[in-house]
Amino acid sequence: MPKTSKVVQREQSHEHVTESVADLLAHEEPLDYKSSSLNVGAAAGKKIPQIEVPESDGRPAWNSKLQYILAQVGFSVGLGNVWRFPYLCQKNGGGAYLVPYFILLLIIGIPLFFLELAVGQKIRRGSIGVWNYVCPRLGGIGMSSLMVCGFVGLYYNVIIGWSIFYFFQSFQFPLPWSDCPIRKNGTIAIVEPECDKSSATTYFWYRQTLNTTSTIAESGGLNIKMTLSLLVAWIIVCLAVIKGIASSGKVMYFSSLFPYVVLFCFLVRGLMLKGSVDGIAHMFTPKLEKMLEPQVWREAATQVFFALGLGFGGVIAFSSYNKIDNNCHFDAVLVSFINFFTSILATLVVFAVLGFKANIMNEKCVAENGEKILEYLNSNVLSHDLIPPHVNFSHLTPSDYADVYSIIRTVKEDGFAQLGLEPCLLEDELNKAVQGTGLAFIAFTEAMTHFPASPFWSVMFFFMLINLGLGSMIGTMTGITTPVLDAYKVQKELFTVGCCIVAFLCGLLFVQRSGNYFVTMFDDYSAGLPLTVVVILENVSVAWIYGTKRFMQDLEDMLGFRPSIIYFYLWKYVSPLCLIVLISATVIEMAISPPGYNAWVQDLAQERFQSYPPWALAMCFALIVVAMLPLPIVFIARHFNLMSDGSNKLSVSYRKTMMKDISNLEEQDEARFILGAKPGDTPLSGVARKPYVTPAGNKSVDPNSLSPNVCYGTSYQNAAIKSK
């Protein structure tokens, strides 16, 4: 028998615990519930079987624990780990940023991730069903979560489409973004001016990939290449989720593991490149003074929040397919630390490659400015006496150029600016912060053009991005389909295909020539504030409405051990306080920062910040309002009994269980039943139930004293009666 089984744990423990009847009768014949004394007319004195949620209730289940862990890892580890976390490290003090991030991971990330895993596993429903179950008046939490998943899925799959386009473009040598195109003007061949002003990789991204317009107001029509790429992306996602976890679980074996293979390959290759150590040293050199800035802590909290996928509903949906006694605490800690170390690994890879790129660009700067100095020497603008004898302009090194630059700047103090010489400092190149699409589709692609066998590395890189995005999209789609399939009797395959078709049609907004600006808009406004509100309401509904003591008792009954008392304080006080501060900081940031976007100006061949026009500004705030609208609507409607509390849509297993046991229970027993306690249990002789000791140490939660809460009461009894 495994050492982790509950029976072995009880045999090895010296504490008095309550033997569940399911364990005691594990090798006995199943009892007919009609003979239980919980039913009217049942014979007294017979054993009372403990009703558990059946494992074989018809709900799909993961084939293995590994498959489930990979699904959670695939959902939480996404594109943000590769192109957001390294940028935040660089911006917020290098290695010093890891300190606030790790602290907030411990006090916000893991506790809230554990909370979502636990409620999903206990109630075995999607996000809508879970929060209807915990508190019907706050049932809008699940609906808002579903709305945010829809908004995020629309634009997130566009990014996968971009990666698919680059993936297929990578099967060329040389890579199509390695050189600027040549324009023929009669007999004269000139470099494309827009590309010459920027760079080959920048030009390929903005002009040949997106063919972007100069403002969000100019639609420019559909970009056919991006439309086809988006169609391919939705077909892949649809095939991955069409059978639910039966298909997505198998996909996760590859989509979750393959990115790690690529990251390790890139790390090994990157460390062999010239200048990679410079990049890594620059990255992890801590600027400790940055830790005193509130903005650093706010951005660390936001990154922790989104890195784990809190509030999306995907975490709850995945955990709802687990066995009731699965150790979700271990899962929460494991997945959180895998996510953290993946971010560290991605940061090492990114800055090893960017260090190599910085050295290449610095050498290019030295060569170009060395040619300028030679021209000034030949035209007698500068005297040959200024040049140290050891300097060789045919092999000008960065250190030699730094000496020459310093001398010329000192001698030509008054007229130095007219010479147009640049300092060419490696530190300046390393300080150029890039994130998001700028990192993946411009900076990284430019670095790979200098790799030996560059097409191979480009194919690997963009295939990795596709898999990272696919893992997150599977979780996002599961967060949409699972709640709906739990609540309504619809065919899974037809509903999934229908969702993908509708999403593709709505996604055409993002594959216009101005579509890149709408991706930025949705990324900035559709998820940030709404998701933070959703998560704090999840925290409050469990810790303050349902009750932290009751929830801790549920966890002990479910897991077979008592979680650390520190979770009591984190759920009850610390996490809500941190989330309130985060919401306040987010609102203040939105209020003081002018809403706008970076537009690509073709004439200037560079980005310029532009404010949103009034209609786009209204669209930004509409995204926030629409995502959060279900919260007040559901609360008001259920407060005034204008809509059902959703309990008539409980899963079959819950309806059957409540039909058997609720009929003859007192109201207090009913609440204890819903909370996962043992209603109506007659204490077994010689076995005493160990109460849950509260943090004060002098009070305990007596299951016999639990009274029903205003959020979960007779509605569940009515649900059981209706289902008869």
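How many disulfides does the chain come to by the sulfur-distance rule? I took a disulfide as a pair of cysteine sulfur atoms within 2.5 Å, and the count is 2.

Ground rules. I worked on a predicted model, with local features needing pLDDT of at least 70, side-chain atom pairs counting only at pLDDT 80 or more, and totals for chains, interfaces and linings using all residues. Residues are numbered from 1 along each chain as its sequence is written, and side-chain values use heavy atoms, with hydrogens and water left out.

Entry, Cys-180 and Cys-195. I found their disulfide with an S to S distance of 1.8 Å. At -80° about the S-S bond, the link is left-handed. Cys-180 sits in the loop between helix H8 (140-169) and strand S1 (182-185) and Cys-195 in helix H9 (residues 193-197), so the bond ties together parts 15 residues apart in sequence. Helices (H or I, at least four residues) and strands (E, at least two) are DSSP runs, numbered from the N terminus. I looked up burial too: buried is under 20% relative accessible area, exposed over 50%, partly exposed in between (1.4 Å probe, protein chains only). Cys-180 is partly exposed at 23%, while Cys-195 is buried at 1%.

Entry, Cys-365 and Cys-424. Their sulfur atoms lie 1.9 Å apart in a disulfide. The S-S torsion is about -75°, so this disulfide is left-handed. Cys-365 belongs to helix H16 (residues 328-378) and Cys-424 to the loop between helix H18 (416-419) and helix H19 (426-430), so parts 59 residues apart in sequence are tied together. Both cysteines are buried.

Entry, Cys-499. I checked its sulfur: the closest cysteine sulfur, in Cys-500, is 6.8 Å away, too far for a bond. Cys-499 is buried at 18% relative accessible area.
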